[in-house]
Amino acid sequence: MALGLLLGLGRAMRRKRPSSLQILSSKRAPRDYYKGKNCKSTGFHTRKGGYVVMDEKLPSYVVPDLTGFKLKPYVSQCPRDMTSTGATATAK
């Protein structure tokens, strides 16, 4: 009897992993469960079904002044072959 009890406890410990119990996805939840995409709300719903956007909740981006900046914002996907000069050429 004690052996059967120990085997049953061993099976129960093998089946239940603590990490998998903490993960809740839409496959493990009820049909109407929607997990979302980890986005913050930008406003709130009204009683009549509308939605009010709050300016305080919208993201504001601070862009520095780039006048006189040498680099361009575009990066080419087809880089040109450059000839190496200077210290890298002598190291080869």
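Q: Where is the place of valine 53 in the chain?
A: In this predicted model, valine 53 lies in strand 2, which covers residues 51-53.

Q: Why is valine 53 called partly exposed?
A: Its relative accessibility is 47%, and the term buried is kept for values under 20% while exposed is kept for values over 50%. Because 47% falls in between, valine 53 counts as partly exposed.

Q: Which residues make the nonpolar surface patch, and what is its area?
A: Tyr51, Val53 and Leu58 make this patch, and its area is about 260 Å². A residue needs over 30% relative accessible area to belong to a patch, and valine 53, at 47%, passes that cut-off.

Q: How many disulfides does a search of the whole structure find?
A: The search finds 0 disulfides, where a disulfide would need a pair of cysteine sulfur atoms within 2.5 Å.

Q: What makes cysteine 39 exposed rather than buried?
A: The relative accessible area of cysteine 39 is 66%, and exposed means a value over 50%, so cysteine 39 is classed as exposed. Cysteine 78, with a relative accessibility of 64%, counts as exposed by the cut-off of over 50%.

Q: Why does aspartate 65 count as exposed, and where is it found?
A: Aspartate 65 is found in the loop between strand 2 and helix 3. Its relative accessibility is 65%, and because this is over 50%, aspartate 65 counts as exposed.

Q: What makes the pairing of aspartate 65 with threonine 67 a polar contact?
A: The side chains of aspartate 65 and threonine 67 are in polar contact at 3.1 Å, and the cut-off asks for a pair of N or O atoms within 3.5 Å, a limit that 3.1 Å meets.

Q: In which elements of the chain is confidence lowest and highest?
A: Confidence is lowest in helix 3 (residues 87-91), where the mean is 56, and highest in strand 2, at 96. Over the chain the average pLDDT is 77, with 74% of the residues scoring at least 70. Where pLDDT is low, the predicted coordinates should not be read in detail.

Q: How many helices and strands are there, and how do they run?
A: The chain has 3 helices and 2 strands, and from the N terminus on its elements run α-α-β-β-α.

Methods
Residues numbered from 1 in each chain as written. Predicted model: local features only at pLDDT ≥ 70, side-chain atom pairs only at ≥ 80, totals over all residues. Heavy atoms only, no water. Buried < 20%, exposed > 50% of the residue type's maximum accessible area, 1.4 Å probe, protein only. Patch = residues over 30% accessible without salt bridge, like charges linked within 9 Å, V, L, I, M, F, W, Y side chains within 5 Å. Areas by Shrake-Rupley, 256 points an atom, 1.4 Å probe, with all protein chains shown as cover. Salt bridge = Lys/Arg side-chain N within 4 Å of Asp/Glu carboxyl O. Helix = DSSP H or I, 4+ residues; strand = E, 2+ residues; numbered from the N terminus. pLDDT = per-residue confidence, 0-100. Polar contact = N/O pair within 3.5 Å; in protein donor to acceptor, adjacent residues only side chain to side chain.
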